[in-house]
Amino acid sequence: MTQLAEVKVPDLGDFEDVPISDVHVSVGDRVEAEDSLVTLESDKATMDVPAPSAGTIREIKVKVGDRVSSDHVIALLEAAAAAGAGIETGIESSPEPPPAPTPSEPVSTVSSQAASVSERAATAGPTLPASEAVPSAATAPVSPAPAQARTSATGNGEVHASPAVRRFARQFEIDLERVTPTGRRGRVTLEDVELVVKRQIEQARRGGLGLPEMPEVDFAEFGAIERKPLSRIKRISGPSLQRSWLHVPHVTQHDEADITDLEQFRQQNKQAAKEQGFNLTPLAFIMKACVATLKAYPEVNSSLDRDGQHLVYKQYFHFGVAVDTPDGLVVPVVRDVDGKSIMDIARELAETSAAAREGKLRLDQIRGASFTISSLGGIGGTAFTPIVNAPEVAILGVSRAVHKPVYRDGEFAPRLMLPLALSYDHRVIDGALAARVTTHLCAMLSDIRRILMLG
C-alpha cells in the first residue's frame with residue numbers, strides 16, 4: 001500500500017517569503033531521492049528543494065513566482081517507504097491527494113523572461129539605481145493601476161509578477177504597485193516595467209541627471225561573433241556592483257605586510273590541518289588579524305546610516321570571503337570570526353568554499369557580513385582595486401606574496417611580502433585613517449605572536 005507524504009521547504013533560518021524561480025517536476029513524474037523539485041532564489045543565491053525519497057509526484061502545491069517560507073508544503077509524493085518519516089525527512093503523511101492544479105503560468109514562460117532580462121535592459125537605458133540616475137518611482141509620471149487590475153487571482157491585493165520581472169524592477173528601484181499591468185489577469189510584465197524605466201530615464205535626461213548612454217555597436221559587422229548569456233551569479237551581482245560603484249566614493253590604500261615568519265609557522269602546522277581534512281591557508285591568519293584591526297578602528301566595521309548623518313557600529317565580526325566558482329565570484333559569510341581559532345576558521349573556510357563551488361550554499365550563508373576580504377593570492381597578480389560591498393564601508397584585497405629584498409638591521413635580506421589593498425568609502429574613512437588601518441594590519445601579520453595571542 002502506498003502513502004502520500006507532504007514535501008516541505010527545509011529550514012531557511014531568518015528568510016521568509018523566498019520566491020520560487022523554477023519548478024522542475026510535473027504531476028506524474030517519477031523522482032529519485034535528492035532530485036531537485038523546485039528552486040528558491042533570493043537576490044544573492046539559489047537553493048534547490050530535493051525529494052526526500054524516491055516516488056511519484058501526485059500533486060504540486062506551488063508554482064513559479066510563489067513565495068514560501070520554512071515548512072511550506074510544495075508537493076505531495078507517493079512513496080511506499082514514506083510512512084513514519086515525519087519531520088526528520090521533511091515529509092509528513094497526508095490523506096488522499098486532491099486533483100492536481102493547473103499552473104497559472106508555465107515554467108518555460110518565466111525562464112524565457114529571465115533569459116531576456118539583460119537584453120531588455122539594454123533597450124531601456126543604463127542599469128542605474130533610480131536614486132542615482134533617475135527620479136524615484138514615487139515622483140515618476142506613472143498612472144496608478146486600477147485596483148482590480150492590481151489584485152491577484154486570490155483577491156489578496158498582491159501584485160502578480162514573475163521573479164524575472166521583480167528582479168528587473170528591483171535593479172531600477174521600481175515600485176511594482178505603481179506600475180500599470182497589461183498582462184493576463186492583471187500580471188505585470190517586463191514591458192510594463194520597461195515603460196516606467198524609459199519614462200524616468202527620459203525625464204532624467206531632460207533634467208540633466210542621466211549618464212550618457214553607451215553606443216550600440218553591431219559587432220557582427222567586423223567579423224564572426226558568438227552571443228552567450230551571463231552566468232546567473234554575474235547577472236545577480238552586476239547591478240549590485242554598479243550600484244555600489246556609483247553610490248560610494250571609492251579610494252584604495254595599498255600596503256605590504258612582511259609575512260615571512262607567518263608563512264614559516266603556517267608551513268610547520270599545515271600537515272596537522274591536512275590530517276584533519278582541511279588546508280591551513282594564509283587567509284585564516286589574515287581574517288584573524290583583521291579582527292584585531294577592526295577592533296582598533298571600529299569605523300571600518302560600520303555602515304553609514306541611510307540618513308547619511310550617523311554611523312552604525314557593528315559589535316559582530318562576520319566576514320564575507322570571495323570564492324572563485326565556475327559561474328563567478330560568490331561571497332559566503334564566516335560568522336563570529338573573533339570567537340574562533342585560526343584552525344576553526346581554516347576548517348570553516350574549506351567547508352564554505354566547497355559548498356559555494358558546488359552551488360550548495362544556504363541562504364543564511366550569504367548575508368550579514370560586516371567586512372569583506374577578496375584574496376587573489378592563489379591565482380596571481382601584484383595589486384588590484386576591489387569594489388566596496390555596500391552597505392559595508394571597506395573591503396580588503398589580497399594579492400600574491402612575493403620575496404623581496406628588504407633593508408633590515410643595516411642590510412638587505414629576502415622577506416616574503418604580501419600586497420594588501422584596502423578600498424573604502426571616503427564618506428566614512430579618510431586617507432589618514434585608511435593608512436593607519438593598513439599599517440596596523442601589516443604589523444599584526446608581520447608578528448605571528450600578535451595573531452596567536454588573539455586565541
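Colleague: Where is Asp 336 found?

Modeller: This is a predicted model, where local features need pLDDT of at least 70, side-chain atom pairs count only at pLDDT 80 or more, and totals for chains, interfaces and linings use all residues. Residues are numbered from 1 along each chain as its sequence is written, and side-chain values use heavy atoms, with hydrogens and water left out. Asp 336 sits in the loop between β18 (333-334) and α10 (342-357). Helices (H or I, at least four residues) and strands (E, at least two) are DSSP runs, numbered from the N terminus.

Colleague: Which residues does Asp 336 touch, not counting those up to four places away in sequence?

Modeller: Phe 317 and His 318. Contact means heavy atoms within 4.5 Å.

Colleague: New topic. Is Thr 189 buried or exposed?

Modeller: Buried, with a relative accessible area of 17%. Thr 189 lies in the loop between β11 (187-188) and α6 (190-207). Leaving aside neighbours within four places in sequence, Thr 189 is in contact with Val 165, Thr 182 and Gly 183.

Colleague: How many aromatic pairs are there?

Modeller: Rings of Phe, Tyr and Trp (its six-membered ring) pair if their centres lie within 6.5 Å; planes under 30 degrees apart count as stacked, over 60 as edge-to-face and the rest as tilted. By this rule there are four aromatic pairs. One of them is Phe 168 with Phe 172, a tilted pair at 5.2 Å centre to centre and 50 degrees between the planes. Phe 168 and Phe 172 are buried.

Colleague: Why is the pair of Tyr 407 and Phe 412 edge-to-face?

Modeller: Because the planes of Tyr 407 and Phe 412 are at 65 degrees, with ring centres 5.1 Å apart. Tyr 407 and Phe 412 are exposed.

Colleague: Last one. At what angle do α9 and α11 pack?

Modeller: Helix α9 (residues 282-296) and helix α11 (residues 431-446) pack at about 135 degrees, axes 9 Å apart. Axes are lines fitted to C-alpha atoms, for helices over the stretch in contact, and angles run from 0 to 180 degrees between N-to-C directions.

Note on methods:
Buried < 20%, exposed > 50% of the residue type's maximum accessible area, 1.4 Å probe, protein only.
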